[in-house]
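Reader: I have just opened this one and would like to be walked through it slowly. Could we go over it together?

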Amino acid sequence: MSSESNQRQSKYMQVQTVKQSEEYGEIEGVGKKISRIFLGTAISPFLDGKEADVLLDQMYALGINAFDSARGYGLSESVLGRWVKHRKNREEVVLLTKCGNATPTGTVHIDRDVMTNELKRSLSELGTDYVDILLLHRDDVNTSIAEYLETFNDFVREGIIKSFGVSNWTVERIQEANAYAAEHGLCPFSISSPNFGLAEQVNDPWGGNCVTISGQGNQAARDWYSRTNMPVLAYSALGRGFFSGRFEAGDYETAKSVLDAYAQKGYLYPVNMERLERCRMLAEKHKCSVAQIAMSYIFSHSMNVFAVVSTTSPERMRLNIESSKLKLGEEEVIFLESGAR
């Protein structure tokens, strides 16, 4: 496997398509085009196991062919699996799921047995004999890098996953893992899913050591992703509704009625209210929505970015797709982050 592992190794808003904002991208091992926006399924009707064929049809018709799920997302896997079975489109879609989530108390235990048992359940729920991308939902530092990588590589050899990576892992741990893979002729991690977006994740929303690369304090991590070109799958890309446009900067009372408890814990802070106001200013200037500016921000970095977006509105998704194709000028990005002009 060593040869394979070596292969893995307005003067304001300028309306132009850029490399990382193309509608589709690639992730090593998957072997399919992948929409830059993944539909997130950690919302109703997916969590509740309700019928979602029409909604999924609508998203697919917009060009969304990648779907983000997890063992911890209620019945979302079974909802996706039913749709794929009904539409007979397994080879045209990209199914991503995750194993090894934190418990409600924030503890994490992941090892080979957890990975094997949860993948078996995911395959059954999804009604497929392989998943395109399998991620570890958290990092259990008590489990060795060797155990993680050997297990993932065994799954690849068995043909039950195509590609693998991590969510909520630090850059340092990813570097350690991929160095081990190179030394031992193993496939390394091909994708990382941290929190990333205009909203700075001030506090860990869910526990279990969530990792963010947002905010000025994480510039070094973003620089590393840019240098290595490792695909970044940004979760909570719009701050769980913080940039929905449903409340104004400084209006904490309305924000509390709009944002769920996780969003409030993670994002409802002055730093993000300031970013919301700057976002509003750019949206007003360019006659678009706050959400569109926030989405454009994500794809205006030099990182190889994909983004998870959870919505039941095809129209909002259409606007997100259009926004993902736009490139903000460097001065705009700086302005949104710091207020500097």
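Reader: What share of the residues in the chain is buried?
Author: Of the 341 residues in the chain, 56% are buried, where buried means under 20% relative accessible area, exposed means over 50%, and partly exposed lies in between, with a 1.4 Å probe and protein chains only. Please keep in mind that this is a predicted model, in which local features need pLDDT of at least 70 and side-chain atom pairs count only at pLDDT 80 or more, while totals for chains, interfaces and linings use all residues. Residues are numbered from 1 along each chain as its sequence is written, and side-chain values use heavy atoms, with hydrogens and water left out.

Reader: What does the secondary structure come to?
Author: The chain has 13 helices and ten strands, counted as DSSP runs numbered from the N terminus, with helices being H or I of at least four residues and strands being E of at least two. The radius of gyration is 19 Å, close to the 20 Å that the globule rule gives for 341 residues, so the chain is as compact as a globular protein of that length. That radius is taken over C-alpha atoms, and the globule rule is 2.2 Å times the number of residues to the power 0.38.

Reader: And what box do the C-alpha atoms fill?
Author: Taken along the principal axes, the box is roughly 55 × 45 × 40 Å. The accessible surface of the chain comes to about 14,300 Å², and 48% of that belongs to carbon and sulfur atoms; such areas come from the Shrake-Rupley method with a 1.4 Å probe, and for residues only the protein chains shown count as cover.

Reader: Which strands does β6 pair with?
Author: Strand β5 (residues 94–99) is joined to β6 by four bridges and the two run parallel, with C99 standing opposite L136 in β6. Two strands count as paired if DSSP finds at least two bridges between them. Five bridges join β6 to strand β7 (residues 161–167), again in parallel, and here L135 stands opposite G165 in β7.

Reader: How does the chain cross from β6 to β7?
Author: The chain goes through helix α5 (residues 145–158), and this β-α-β crossover is right-handed. A crossover is called right-handed if, with the strands pointing away from the viewer, the path from the first strand over the helix to the second runs clockwise. Strand β5, helix α4 (residues 112–126) and β6 likewise make a right-handed β-α-β unit.

Reader: What about β10, is that enclosed or open?
Author: Five of the five residues of strand β10 (residues 305–309) are buried, so β10 is largely enclosed by the rest of the structure.

Reader: Which strands are joined to β10?
Author: Three bridges join strand β3 (residues 37–40) to β10 in parallel, and I37 stands opposite A307. Three bridges also join strand β9 (residues 232–234) to β10, and these two run parallel as well, with F306 as the bridge partner of L233.

Reader: Which residues other than glycine have a positive phi?
Author: Among them is K88, with phi near 55°, which sits in the loop between α3 (76–87) and β5 and is exposed, having a relative accessible area of 71%. Another is N229, with phi near 65°, in the loop between α7 (219–228) and β9; at 36% relative accessibility, N229 counts as partly exposed.

Reader: Is P188 buried or exposed?
Author: P188 counts as buried, at 1% relative accessibility, and lies in the loop between α6 (171–183) and β8 (191–193). The C-alpha atoms of P188 and A177 are separated by 7.1 Å, while the two residues are eleven residues apart along the chain.
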